[in-house]
Number of protein chains: 2
Amino acid sequence: MTQQQPMALPPYHDVVHAQWVDYNGHMRDAFYMLVFSYATDALLDFIGLDAAARTARKRSVYTLEAHLLYLHETRQGARLRVDTRLIAYDAKRLHLYLEMFADPHSAPVAVSEQMLLHVDTRGPRAVAFDSDVNQRLEALATAAAVLPPPAHAGRVIGLARK
Amino acid sequence: MTQQQPMALPPYHDVVHAQWVDYNGHMRDAFYMLVFSYATDALLDFIGLDAAARTARKRSVYTLEAHLLYLHETRQGARLRVDTRLIAYDAKRLHLYLEMFADPHSAPVAVSEQMLLHVDTRGPRAVAFDSDVNQRLEALATAAAVLPPPAHAGRVIGLARK
């Protein structure tokens with residue numbers, strides 16, 4: 001296969017909505033995951049698995065696993081940016097690393113690591129990516145390969161690791 | 001300290017709401033986290049850190065980290081049950097393991113592992129649990145200690161581990 005030119009995914013932008021704020025006055029933990037979920041949708045659109053293609057091709061993408069690390073509180077109205085990178089992929093799976101930024105912090109306010117599975121919705125059953133999608137994945141992976149290593153990937157939860 | 005009698009947390013119950021369903025006809029990944037977040041709130045109420053106590057004592061609990069493993073799809077209207085157990089705790093932190101069940105599956109449809117931090121909201125800064133809360137934590141941990149080991153704790157995300 002021809003080496004794909006690097007292709008960077010544009011950041012996903014959102015804002016902390018009033019209904020996402022909990023009793024602390026901060027965005028509730030689950031709504032960080034919702035923003036990451038929307039950012040993942042944007043990646044699917046970008047690689048050619050948008051809603052129209054999913055319907056036409058009988059394809060979808062399921063989340064197998066998601067890890068979230070919370071680094072700073074964010075308040076209602078804060079503008080959010082999510083940078084999503086493809087850490088790795090195989091014939092049917094995507095391993096993503098997502099960083100969420102919010103004013104006034106220069107470092108991420110949260111990061112997420114996710115594993116997604118490509119499925120044929122007629123099963124549903126796991127199925128290999130189509131070749132056009134695979135080419136875009138290769139281009140995304142090429143772009144991600146030059147970035148500094150993810151600061152918070154591969155984490156295990158446990159008290160002993162304080 | 002006197003050994004506390006085991007005290008089991010009642011399950012948390014919910015239902016898959018229409019606005020939680022995504023393009024697949026399944027509950028979106030982020031709303032599993034919302035249900036787990038509500039189940040965690042129920043645990044906080046149970047140990048004496050309900051809304052009134054949080055306000056009166058200037059205390060709160062922040063989520064430091066959350067890991068989610070998705071095992072089965074769930075559809076709109078499905079009745080959900082979350083069993084929450086305290087795996088471990090120290091002076092300021094809780095390590096929880098939550099299992100979500102939904103008809104018609106006898107095994108969990110999702111599990112989550114979480115680390116929470118007890119804070120004094122006047123900082124905010126990490127602070128030790130008050131003694132009455134600590135006694136309830138001891139009672140919960142005693143109840144959890146007799147359960148079978150968590151089936152899906154300590155996970156790392158990665159393609160090589162297929």
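## Helix α3 of chain B

In this predicted model, the buried residues of α3(B) are covered by elements that include α1 (29–46), α2 (51–57), β3 (79–89) and β4 (93–102) of chain B, where contact means heavy atoms within 4.5 Å. Helices (H or I, at least four residues) and strands (E, at least two) are DSSP runs, numbered from the N terminus. The buried residues of α3(B) are B:V133, B:N134, B:L137, B:E138, B:A139, B:L140, B:A143 and B:A144; buried means under 20% relative accessible area, exposed over 50%, and partly exposed in between (1.4 Å probe, protein chains only). An α-helix has 3.6 residues a turn, so residues three or four places apart point the same way.

Helix α3 of chain B comprises residues 131–144, and its 14 residues reach 20 Å from first C-alpha to last, close to the expected 20 Å. The expected span is 1.5 Å times one less than the number of residues.

## The largest pocket

The largest pocket holds about 720 Å³ of space. A pocket, on a 1 Å grid over the protein atoms alone, is an open set of points where a 1.4 Å probe fits, with protein on both sides within 12 Å along at least five of seven lines; lining residues have an atom within 4 Å of a point. Its volume is the space filled by probe spheres set on the points, which are joined across faces, edges and corners.

Of the 37 lining residues, A:Y70, B:Y62, B:T63, B:L64 and B:E65 lie nearest the centre of the largest pocket. Strand β2(B) gives the most to this lining, with five residues.

## Aromatic pairs

Over all chains there are six aromatic pairs. Rings of Phe, Tyr and Trp (its six-membered ring) pair if their centres lie within 6.5 Å; planes under 30 degrees apart count as stacked, over 60 as edge-to-face and the rest as tilted. One of the pairs joins A:Y32 and A:Y70, with centres 5.1 Å apart and planes at 90°, so it is edge-to-face. A:Y32 lies in helix α1 and A:Y70 in strand β2 of chain A, so the pair ties together parts 38 residues apart in sequence. A:Y32 is buried, at 3% relative accessibility, and A:Y70 is buried at 10%.

## Basis of the model

Residues are numbered from 1 along each chain as its sequence is written, and chains are lettered from A and ligands numbered from 1 in the order in which they are written. In this predicted model local features need pLDDT of at least 70, side-chain atom pairs count only at pLDDT 80 or more, and totals for chains, interfaces and linings use all residues, while side-chain values use heavy atoms, with hydrogens and water left out.
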